[in-house]
Amino acid sequence: MNDNRKSDNPIVPKISPNNGGPTAGRTAEAREGRGLAKGNPKRQTRVRALNREALQNALQRVRQAAEQERNRPLTTLWHHVYNVDRLREAYLGLKRKAAPGVDGVTWGAYGEALEGNLQDLSERLQRGAYRARPVRRTYIPKSDGRQRPLGVTTLEDKIVQRACAQVLNAIYETEFLGFSYGFRPGRSQHMALDALAVAIQGKSVNWVLDADIRGFYDAIDHEWMMRFIGHRITDQRLHRHVQKWLKAGVLENGQKTILKEGVPQGGSISPVLSNIYLHYALDLWAHQWRRRHARGDVIIVRYADDFVVGFQYQSDARRFWVDLRKRMEKFGLELHPEKTQLIEFGAFAAKNRRRRGEGKPETFNFLGFTHICHRTRKGRFVVLRQTMKTRMRAKIRDIKDRLRKHLHAPVPWVGKHLRQIWLGHLQYYGVPRNGPSLCSFRLSLVRLWYRSLRRRSQKSRMTWERMNRLQSRYLPNARIVHPYPIQRLRVMTRGRSPVH
């Protein structure tokens, strides 16, 4: 596209969707010859609203260019990243209390001289002087007792990665397929869960392949990653900076390690890069496979590196599984042998297994829920989704440890803390037909709190009568907060094609 970097309007640049320049990032204060009040990184609401609208318009033009030029790679995009307004928006979108990276710079400290810091960062990005810093590696416990590695990037790396991710999302949202849900704008885990339930109930699904990629984020091949990006983007400045993040290395126990493969989890750019990788390594291939080789219905739902594939025929399922292994090996990936399984699942699974003298249909886990073959009172087949028992037990253990740690904290403080935990649990697990699991979790929460209050003193006067008053005050009754899957999917796909 033409490289026109001039703009008649500094707030709403009249530029090509694929081009821009340093003037696009000027603030209203800079144009009027005045600065922000000392120590106050916030800008006037009206100016920020205008700048936000200009940034959205710029992304919309990028999106339109990506749609119109599907057969031609985009050449000039980096100016959208080093735009000062976009960097500021990225900064304001970061978590205020997030842990600092290897440089020790916090969100608040960086904001004390925000405009100067962002201008300096923009200039370094523009002239190629920006350097990515190593990622500080930490570990967080998983529900199965193992630890998940998490990368903590520096604040400036977070800012630039977040700005770059916005531009990449604007391009690749025109490319990603409908059955991909992980870390995409306007999509969520519950949309993936609902799409899976509706597809299994509405299609001729009799077999389910529940797949998981072993150590996906640590196995991403850097060379393949850059080749995939090159299919749609040939801006060498963007390529160089993505490579800088991939090769920045990891700092653990004072030792720096340069990664030859993998993307550290925790970075702002990691989700979109992982989606790009799986889009080419898995999604496009799987979509073509079901069109060319499947004899019956095939449904696919993927969220990040977890995906479920449903089949009408067992022969299709087994053939897909074999081909999938080969496909993963080609790109340096491997299916997790313990978390990948093929099971008989669907409307006729119970009947078929009963006829063969086998037990109840097997279940599978996806996004924190155990999926079960179930019949309503009227005999209609539905996919029953219940909270995974391992997740629930892990959460109860965590709450027990917290109560022990804050044994003598004021009762109102503990009550508000438990209320936040309970409401967060409801917000995620409050799906239709999961009421018994919700009630069980709330009951466990109440009992743990009761025992904690009893341990505060050898002469405790805590009774269940008083406990009932406390739980009524701080812990609302269990309730379903999400609609039935078909209701959400109708709204999501209205006027568009199915998403599975």
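The model is predicted, so local features need pLDDT of at least 70 and side-chain atom pairs count only at pLDDT 80 or more, while totals for chains, interfaces and linings use all residues. Residues are numbered from 1 along each chain as its sequence is written, and side-chain values use heavy atoms, with hydrogens and water left out.

Select Asp283 and Arg302 to begin, whose side chains form a salt bridge at 2.8 Å, N to O. Asp283 lies in helix 12 and Arg302 in strand 6 (residues 298-303), so the pair ties together parts 19 residues apart in sequence; helices (H or I, at least four residues) and strands (E, at least two) are DSSP runs numbered from the N terminus. Asp283 is buried, with a relative accessible area of 1%, and Arg302 is buried, also with 1%, where buried means under 20% relative accessible area, exposed over 50% and partly exposed in between (1.4 Å probe, protein chains only).

Select Glu173 and Arg184 next, a salt bridge whose closest N and O atoms are 3.0 Å apart. Glu173 counts as partly exposed at 23% relative accessibility, whereas Arg184 counts as buried at 7%.

Finish with Glu344, Arg353, Arg356 and Glu358, which salt bridges link in a network.

Notes. Salt bridge = Lys/Arg side-chain N within 4 Å of Asp/Glu carboxyl O.
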